Amino acid sequence: MAQPSKPEKSSTGGWRVTSATFERSADKLGGAPPGDLPEIAVTGRSNVGKSSLLNAFAGQRALARVSSTPGRTQLLNFFHTRLRHPQHGDLALRWVDLPGYGYAAAPQAVRASFGPMIEGYLRKREALKGLVLLLDARREVSEYDHALLEYMADRALWTIVAVTKADKLSKSERGMVTAGIARSLALPRNQVLVTSATSGLGFTDGGLAGAIGRRLHEDAPAPAPAEET
Ligand SMILES: Nc1nc2c(ncn2[C@@H]2O[C@H](COP(=O)(O)OP(=O)(O)O)[C@@H](O)[C@H]2O)c(=O)[nH]1
Ligand SMILES: [Mg+2]
């Protein structure tokens, strides 16, 4: 697993992570924590850098190790997380680590292949607000990735696409790869976040915490207006 970079020493003031702790694993939706917080599901192909991304996001070295314990890989792993913004204050959420998926891409089998647990979770979990879909900078977008975007679109939920391991590309390659991924997924290019857990790219202001914080803040119902007397 890649070592996360140190968290920013001085933030210029967007959303940042103030805490992240492992809460529990569940083998089905019934075993999940109560849906009392907005949830973000995170997934991608096996080896895409999911554990490293969580550690970099949280600014911790071994947070994700909990979920990589053998036997836990096919579970939903819930992490209680807090973000803070200088103006908007604190925002609590659950980061849900979904199992990674395989490499074979037989289109007709794709929709069935995530298994009842992931499909059940994505379709039924009411607390689910959005998906962070990880794509390895050096691999093609797969049918699985497309299928996940479709699941989310069916529920009218957002997806943030994060390209991982960007340190393995030159700056100009990064631009080309990002544009190619955006085109393949029919997303605006600015919806594709470029990250590296080893260099820290994509985890400071305007990065992953910012993208998630902004989305959740927009989703949140506006505070009730003061009652007239
Ligand atoms: N160069 C580089 N390697 C990475 C990065 N993130 C993960 N890796 C490596 O990719 C492999 C898989 O990472 P891991 O986080 O365990 O992926 P997971 O299986 O999706 O949880 C490990 O060898 C990591 O060290 C990154 O940002 N840059
Ligand atoms: Mg992992």
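A residue is called buried if 20 or more other C-beta atoms lie within 10 Å of its own, exposed if 12 or fewer do, and partly exposed in between. By this criterion, 36% of the 229 residues of the protein count as buried. The model under discussion is a predicted one.

The overall plan may be considered next. The protein contains seven helices and seven strands. Along the sequence, these elements follow the pattern β-β-α-α-β-β-α-α-β-α-β-α-β-α. Contacts between residues that are at least 6 apart in sequence can also be examined: 77% of them join residues at least 24 apart.

The strands come together in a sheet. Seven strands form this open sheet, arranged in the order β1-β3-β4-β2-β5-β6-β7, with mixed pairing. At its edges are β1 (16-26) and β7 (192-194), each of which pairs on one side only. On average, and with direction ignored, neighbouring strands of the sheet are turned by 25 degrees against each other. Strand β3, residues 76-85, and strand β4, residues 89-97, run antiparallel and are joined by nine bridges. In this pairing, Thr81 has Leu93 of β4 as its bridge partner.

Arg125 lies in the loop between α4 (115-124) and β5 (128-136). Is Arg125 buried, exposed or partly exposed? Arg125 counts as partly exposed because it has 18 C-beta neighbours inside 10 Å. When residues up to four places away in sequence are left out, Arg125 touches Leu29, Gly35 and Glu39. Glu39 and Arg125 are 86 residues apart along the chain, yet their C-alpha atoms are separated by 8.9 Å.

Helix α5 comprises 12 residues, 143-154, and reaches 16 Å from its first C-alpha to its last, close to the 16 Å expected at 1.5 Å a residue. Which residues of α5 are buried? They are Tyr144, Asp145 and Leu148. These residues lie on the same side of α5 because they cover an arc of only 105 degrees around the axis. On the other side of the helix, Ala153 and Asp154 are exposed. Just after α5, the chain reaches Ala156, which takes a positive phi of about 60 degrees.

Key
Residues numbered from 1 in each chain as written. Chains lettered and ligands numbered in written order. Predicted model: local features only at pLDDT ≥ 70, side-chain atom pairs only at ≥ 80, totals over all residues. Helix = DSSP H or I, 4+ residues; strand = E, 2+ residues; numbered from the N terminus. Expected span 1.5 Å × (residues − 1). Arc of directions from axis to C-beta. Contact = placed C-beta atoms within 7 Å. Pairing = 2+ DSSP bridges. Axes fitted to C-alpha atoms, helices over the stretch in contact; angles between N-to-C directions.
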